[in-house]
Amino acid sequence: MTTISANWQAVKERIAQAEARAHRPVGSVALLAVSKTWPSSSVREAAAAGQREFGENYLQEAQAKMAELADLNLVWHFIGPLQSNKTTAIARLFDWVHGVDRLKIAQRLSAARGEAGLPPLQVCLQVNVSGEASKSGVSPEAVPELAAAVAQLPHVTLRGLMAIPEPDLDEADARERFAQVRMLLETLNQQGLTLDTLSMGMSDDLEAAILEGATLVRIGTAIFGYRPRKPADAA
Ligand SMILES: *Cc1c(COP(=O)(O)O)cnc(C)c1O
């Protein structure tokens, strides 16, 4: 077994244990493997272990890997910060986008998807649950209005909410952040939306996220190892 496939098995086991601890059905939490900065050969190893869904943060890097891995029929999620000038390419290449936090970006994604004649793009709104400690994400108070507007767009399907709490929280504080996101999703569904996705939890806090209702965890380091440094302008 390669390191990646052993790591992947260990992450699957962590997810299964957290599901059991949370009294949630086995297999109710999806695993998104975050392959940013890793070569397509690493993605291929994870795919050989059984992984199908991959998350990437940088458009150009993802584009190269998608071309190299076209034979595998993988599902690609864009989880990085969204810049307006990249929305068209992102809408055409990816199946999911997790970091939507402005209506203008959602409108551009929808338009590009429509022009390309593709089925709706699956999107999550990124919620800022860390206040001043985070630069990205929509504030919790602004989520209902943004969600209602995005749900009306013709070529995107609003699936749910995504959050990245500030790093190094203890488990109680992490759970509080994640619980806030879950309650927001419940409120939106009470208001008539039908959202099914809570994208929250990374290598260090996946248990806390699953205990608070995560349906999809985004895991990089625990599968692929510690990332090599990447220049800040690599997006
Ligand atoms: C890099 C990244 C991850 C993976 O984080 P790890 O700590 O390596 O598991 C998850 N989500 C987002 C948005 C990321 O940018």
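How many aromatic pairs does the structure hold? The structure, which is a predicted model, holds three aromatic pairs. One of them joins W38 and F224. The model also contains a ligand, which is surrounded by 13 residues. The points below take the aromatic pair and the ligand in turn.

**Aromatic pairing**

- The rings of W38 and F224 are stacked, with 6.4 Å from centre to centre and 25 degrees between their planes.
- The angle counts as stacked because planes under 30 degrees apart fall in that class.
- W38 belongs to the loop between β1 (30–34) and α2 (40–49), while F224 belongs to helix α9 (residues 221–224), so this pair ties together parts that are 186 residues apart in sequence.

**The surroundings of the ligand**

- The space that the ligand takes is the largest pocket.
- Among the 13 residues around the ligand, the closest are K36, N57, S203, T221 and R227.

**Polar contacts and burial of the ligand**

- K36 places a polar side-chain atom 2.7 Å from an oxygen atom of the ligand.
- For N57, a polar side-chain atom likewise lies 2.7 Å from an oxygen atom of the ligand.
- R218 has a polar side-chain atom 2.9 Å from a nitrogen atom of the ligand.
- The ligand exposes 390 Å² when taken alone, and the protein buries 90% of that area.

Technical notes: Residues are numbered from 1 along each chain as its sequence is written. This is a predicted model: local features need pLDDT of at least 70, side-chain atom pairs count only at pLDDT 80 or more; totals for chains, interfaces and linings use all residues. Side-chain values use heavy atoms; hydrogens and water are left out. A residue is near a molecule or strand if one of its heavy atoms lies within 4 Å of it. A polar contact is a pair of N or O atoms within 3.5 Å; within protein, one must be able to donate a hydrogen and the other to accept it, and residues adjacent in sequence count only if both atoms are side-chain atoms. Accessible areas come from the Shrake-Rupley method with a 1.4 Å probe; for residues, only the protein chains shown count as cover. On a 1 Å grid over the protein atoms alone, a cavity is a set of points where a 1.4 Å probe fits but cannot get out, and a pocket is an open set with protein on both sides within 12 Å along at least five of seven lines; lining residues have an atom within 4 Å of a point. A molecule sits in a cavity or pocket if more than half of its atoms lie within 2 Å of its grid points. Rings of Phe, Tyr and Trp (its six-membered ring) pair if their centres lie within 6.5 Å; planes under 30 degrees apart count as stacked, over 60 as edge-to-face and the rest as tilted. Helices (H or I, at least four residues) and strands (E, at least two) are DSSP runs, numbered from the N terminus.
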